[in-house]
Amino acid sequence: MTPLHAFGDALREGLLAIPLSAVRGLFVALLVGLLIWVLWLPAKATQPPGGAKRFDENLKWGAAIAILIQIMIYSLL
């Protein structure tokens, strides 16, 4: 067995010790952080030049809806 095998085995054992509920919680927290960041983006970064004339031209709301759907899926399953 090479030192790389020993390192891989130790890494695998360490990762298997993490409970899946903690991993799910961290992943959902990451999505919530991403949602907050998207909602705080300035309008000039999410709208076409000249301002949004239709509701679907503001990319912020579409991204927020997609992230909310992902948060619901990963929280419930």
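Select Ile73 to start: it is partly exposed, with a relative accessible area of 42%. Partly exposed falls between buried (under 20% relative accessible area) and exposed (over 50%), using a 1.4 Å probe and protein chains only. This is a predicted model, in which local features need pLDDT of at least 70, side-chain atom pairs count only at pLDDT 80 or more, and totals for chains, interfaces and linings use all residues. Residues are numbered from 1 along each chain as its sequence is written, and side-chain values use heavy atoms, leaving out hydrogens and water.

Ile73 lies in helix 4. Helices here are DSSP runs (H or I, at least four residues), numbered from the N terminus.

Next, select Phe27, Leu30, Ile65, Ile69, Met72, Ile73, Tyr74, Leu76 and Leu77. Together they make a nonpolar surface patch of about 960 Å². Patch residues have over 30% relative accessible area and no salt bridge, with nonpolar side chains joined within 5 Å. Helix 2 (20-40) and helix 4 (59-76) each give two or more residues. Helix 4 gives the most, with six.

Now show helix 2 and helix 4. Their axes, lines fitted to C-alpha atoms over the stretch in contact, come within 10 Å and cross at roughly 165°. That makes the two helices roughly antiparallel (angles over 145 degrees).

Last stop: Asp9 and Arg12. They form a salt bridge, with the closest N and O atoms 2.5 Å apart. The term means a side-chain nitrogen of Lys or Arg within 4 Å of a carboxyl oxygen of Asp or Glu. Asp9 and Arg12 are three residues apart in helix 1 (residues 3-16), so about one helical turn separates them.

Conventions: Patches are made of residues with over 30% relative accessible area and no salt bridge: like charges are joined within 9 Å, nonpolar side chains (Val, Leu, Ile, Met, Phe, Trp, Tyr) within 5 Å. Accessible areas come from the Shrake-Rupley method with a 1.4 Å probe; for residues, only the protein chains shown count as cover. Axes are lines fitted to C-alpha atoms, for helices over the stretch in contact, and angles run from 0 to 180 degrees between N-to-C directions. Angles under 35 degrees count as roughly parallel, over 145 as roughly antiparallel, 65 to 115 as roughly perpendicular and the rest as oblique.
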